[in-house]
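Keep the model open while reading.

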Amino acid sequence: MNWLESQIPNSKFVLHSYNFDGLENAFKSGELDFLLTSPGQATTFARQLPIHWLATQKKQHEVALSKAIASAVIVRADSPYHSLQDIEYARVAAVSEKAFGGFIAFHFEMDKRGYFNTAFYDRIQFPGPPTDNLIRAIEKKELDVAIAPACTLEEMVEEGFVERSQFRVLGEQQHDGFTCAVSTPLYPNWTFAKTSRATNEIGKQVTQALLAMPANAEAAKAASNVGWTLPESSLNVDKAYQHLDMHPLQTPWTQQMEDWLHRNPYLALMMIIGLFGLNIYHLLLEWRFKRSKKALRKTLEDLRQKSTLLEHAQRIMIVGELGSSLAHEINQPLSAIKNYSQGVKLRVERGSKPEELLPVMEKIQQQVNVASDIIQRLRDLIHKKPTEKKRFWLGTLVNDTYRLLEHDFQRNNIELEINSYGEPSMVLADFTGFQQLLLNVLNNAKDACVMVNDLQQALLVTIEIIYQEDRVQISVTDNGVGIENNKIPLDQAFYTTKNNGLGLGLAICREVIENHNGTIEYHSVQPRGCRVVVVLPYQKG
């Protein structure tokens, strides 16, 4: 400013500093006579508003060249990144997305090479000026990569702020006469331009004063340049903006669409009708889908209800098979009640006092409770009710189930052995469902033992409960006839090897255990027999 005032009589120049948006607003408001800015913003203004380029700056790092704007991709010397392609997932920052000699030149160059996708550019940080802060952030390891204007690093080195050996420039390009390390081609340096507010006469005087500035002038030294030269062509800047869809003369896509509609009204109408028809077709498909979905839900509900009925029928069949055992078990308390009742009658006939009869009456009451418990277990087994999970001891389940089968096992001379290993723990499960599962497995074991013709070896069914850290395993092993064919679908519904069976037992067992995220497996045992292994994982909490 002092140089211009000294060269132009009776003139006064005042310098105002703006960011990118502020400079544009001041320009459009007519507040400026001249502007000094990067080639990118100068090109943007020149394509939208009346502007006259006067001169282009020449910096001290160039030799007889007016191109000095470029991008330098800077990393620490010990950085693991050694090429531009390596930085795809690094922490990257640039001053501004509108800065040509930084982000825009870098973006254009990377697009030409086809290196990165949109997600990479979305991750770049833009903390704003000053640019020196990017280099310091690299030095402090707050960033991995800095996209800085050309010569920023060299100027900080000259001023003693950083050591050049601490940094590297990725993808360094060599340009004749240019001494700064850069990663992109060179573009025109900063431009001095006149707005329509200033007169042509003052514009001419300013241009003459700038071009006349010698390289050793105090004004040139203060700006770290070697004077000014003729305006440089901005063709390469235009190409970069056009590629990035940022050029001010490019028509927005909305305007392009409007123009196309005016030129092709009939085609546009046909497309609108087609889109309308597609929407109607989509609604029709959606309606059909909802109707099919509703029908499918109804079918699934019907299947679920029929599955419940089949399960109920299978439980009733089990009760029929246990008829003799239940009759024997109920007969015991009834016989006791009969004996105690006859005893009471005799004592009453002999004139016993009422208080003498109380012990006998209490025994009768105990036997009544026993019979009631037996009937209640029977009701729980055959009652059709939804799955209800509760906490219980597996030992209690096994004992209650065995009491239902005890008479049948004794009548067929089958010994039942129950073993438990590990630290017992309660389980959260469907008590009735697991009792039905255990009844099915024990009934099959009993039937397999009854079918054995060779009775040289005692018939034995063993139940093992193995408590583990995150699950419990129930193993039922018999020495019956075993599985003749391993390929038989044992747990397939309606498949049975019994003359009067429904083929639902093991299929229901599989459904019960799957509802608890468990597993059930069948294995042959040598020399004969079968082992059924049920694994039940503990519920969380």
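Predicted model: local features only at pLDDT ≥ 70, side-chain atom pairs only at ≥ 80, totals over all residues.

L284 belongs to helix 12, which spans residues 265-321. How exposed is L284? L284 has a relative accessible area of 35%. Buried means under 20% and exposed means over 50%, so a value in between counts as partly exposed. L284 is therefore partly exposed.

Four strands form an open sheet in the order 5-6-4-7. The pairing is mixed. Strand 5 (92-94) and strand 7 (167-170) are the edge strands, and each pairs on one side only. Neighbouring strands in this sheet are turned by 30° against each other on average, direction ignored.

| Strand pair | Sense | Bridges | Opposite residues |
|---|---|---|---|
| Strand 5 and strand 6 | parallel | three | V92 and V145 |
| Strand 4 and strand 6 | antiparallel | four | A72 and A148 |
| Strand 4 and strand 7 | antiparallel | four | I74 and V169 |

Strand 6 covers residues 145-149. Strand 6 runs parallel to strand 5, but antiparallel to strand 4. Strand 4 also pairs with strand 7, again in the antiparallel sense.

**Strand 4 and its cover**

Is strand 4 largely enclosed or open to the outside? Six of its six residues are buried, so strand 4 is largely enclosed by the rest of the structure. The cut-off for buried is under 20% relative accessible area.

Helix 4 (residues 100-113) lies across strand 4 (71-76). Helix 4 also lies across strand 5 and strand 6. The angle between helix 4 and strand 4 is about 95°.

Where does Q174 sit? Q174 is in the loop between strand 7 and strand 8 (187-188). The relative accessibility of Q174 is 67%. Exposed means over 50%, so Q174 counts as exposed.

Q174 and T184 are 10 residues apart along the chain. Their C-alpha atoms are separated by 9.5 Å.

**In brief**

Strand 4 is largely enclosed and pairs with strand 6 and strand 7. Q174 is exposed in the loop between strand 7 and strand 8.

Key: Residues numbered from 1 in each chain as written. Heavy atoms only, no water. Pairing = 2+ DSSP bridges. Helix = DSSP H or I, 4+ residues; strand = E, 2+ residues; numbered from the N terminus. Axes fitted to C-alpha atoms, helices over the stretch in contact; angles between N-to-C directions. Contact = heavy atoms within 4.5 Å. Buried < 20%, exposed > 50% of the residue type's maximum accessible area, 1.4 Å probe, protein only.
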